[in-house]
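The following exercises concern one protein chain. Please study the sequence and the structure before reading each solution.

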Amino acid sequence: MSDWTPDELKAANARYLWHPMAQPKAMRDAPPDIIVRGEGCWIWDADGNRLIDGVAGLWSANLGFGRREIRDAIVAQLDALPYFNVFRGTTHPRAIELSARVVKLMEPDGVAAVFFSNGGSDAVEGALKLARQYWKIRGQGDRIKFIALRQGYHGVHFGGMSVNGNTNFRRPYEPMLPGCFHVDTPWVYRNPYTEDPTRLAEICAELLEREILFQGPDTVAAFIAEPVQGAGGVIVPPANYWPLIRKVCDKHGVLLIADEVVTGFGRTGHLFGTRMWDVKADLWCLAKGISSGYVPLGATAISSRIAEAFDASNDAMSAVTHGYTYSAHPVAAAAALATLDIIERENVTANAAAQGAHLLSRLQDLGRRSRLIGDVRGVGLMVCLEMVADKATKKSFGRGATEVSRVAREAYRRGAMIRTSGPNIILSPALIIERAQIDLLCDVLEESFAAVER
Ligand SMILES: Cc1ncc(COP(=O)(O)O)c(C=O)c1O
């Protein structure tokens, strides 16, 4: 607990702390909520309010707060060895155990090895770099380009930012990495092509193929996408989309990178998002749920196709000259090992599927009744309410509209933490959430929409 009073914390936050994804001055005018404690799916703010956490920190604290086993593993590791590096020459037991554990877990997906880092953006950077390196050691050094989806989110490093499909994250930091291109995502609610999801997936897969052909297949390293687009508004692709893009990639020799930073480790109700589509990727980006957010950790999982190419090469180019001081940090690895124990023992993935179905159905019901909700979509415990100015025409709110933030403030006042992103309200509670807590979250949302629509 802080020795500072809530007012001291708020004043110092406004004065000293710059926040990700926020205008510094705006944070002074509308101060952020200060969260001081968590237990299960509950959080407390500095003013003593208790709230149900509808976002699991940031779709990351997937096992809820206060898990004794994770805490004990972290403390034991701090006592034994708080840090050592895994650069060539040294390693440590937790890194080795976690690598074996992740590879075993993902063996059905074709994973052969794993490279650790500190978070999702790192995991993406690792995947993009390994993809380029793979082609260099295979003697196809012209394959340097990346294709990605509009509305995609892949973190904030220069590589990830350059494949992001939302210009908001890119404009202030342009120019981007050369060689990154975007194609339309199969977004059923908003697309200029068709209302038929199956046909939409075919069209979007064709758009990917046209882009690969336009660029020249022998210049394209990889296509990167999220199995379900998260930050872009929980855009769930039609069931035939991923099998089709896998085919397109195979036809033109392009690697498929699955960014599973959000979807990995159970959030969709499947252990990995790619399993939902019955597709194997070539590289996977993992973070968040791997350590339940208790300690920062990222990982890039590597398929046997890629691992074999590195193994077969004697080229100096096949040394992985990428990595971080804190790659495979022992404390993070210990937290992840304890997290994976719980994920498997408690079958939280099945709970995510069951509670997610209930959440979606209750919110769809709310969506039918509310004049401000244009679309309700999601899978497992990732759900989005897209708010609109006009339901019939799907017209978006203009600049300066306050409806979305007002719903969030009403919800907070009533005891629920939800997340807003543009016109969207995004819900991503911990995977251990119970039905009564989902009902509470939905009751609060119903009241909050009613208050704003009044
Ligand atoms: C799909 C995806 N990739 C990458 C990232 C970046 O992760 P981080 O914020 O840990 O760098 C995120 C973050 O939300 C994400 O949703």
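The model is predicted.

**Exercise 1.** State how many nonpolar, polar and charged residues the lining of the largest cavity has, and identify the residues concerned.

*Solution.* Step 1: the classes come to 6 nonpolar, 2 polar and 1 charged residues in the lining of the largest cavity. Step 2: the residues that line this cavity are L149, T185, P186, E226, Q229, I235, P237, Y241 and W242. Step 3: Glu counts as charged, so E226 supplies the charged member of the lining. Step 4: the volume of the largest cavity is about 30 Å³, and the count of cavities of 30 Å³ or more is 1.

**Exercise 2.** Describe the second largest pocket by its volume, its lining and the classes of its residues.

*Solution.* Step 1: a volume of about 460 Å³ is found for the second largest pocket. Step 2: 18 residues line the second largest pocket, and V86, F87, R88, F115 and S327 are the closest to its centre. Step 3: two elements, α5 (93-105) and β4 (111-117), each give two or more residues to this lining. Step 4: sorted by class, the lining of the second largest pocket has 10 nonpolar, 7 polar and 1 charged residues.

**Exercise 3.** How many helices and strands does the protein chain have, and why is the chain described as being as compact as a globular protein of its length?

*Solution.* Step 1: the secondary structure comprises 15 helices and 15 strands. Step 2: the radius of gyration of the chain is 22 Å, and the globule rule gives 22 Å for 454 residues; because the two values are close, the chain is as compact as a globular protein of that length. Step 3: along the principal axes, the C-alpha atoms fill a box of roughly 65 × 60 × 40 Å.

Notes: Residues numbered from 1 in each chain as written. Predicted model: local features only at pLDDT ≥ 70, side-chain atom pairs only at ≥ 80, totals over all residues. Heavy atoms only, no water. 1 Å grid on protein atoms, 1.4 Å probe; cavity = no way out; pocket = protein on both sides within 12 Å on 5 of 7 lines; lining within 4 Å. Points joined across faces, edges and corners; volume = space filled by probe spheres on them. Helix = DSSP H or I, 4+ residues; strand = E, 2+ residues; numbered from the N terminus. Rg over C-alpha atoms; globule rule 2.2 N^0.38 Å.
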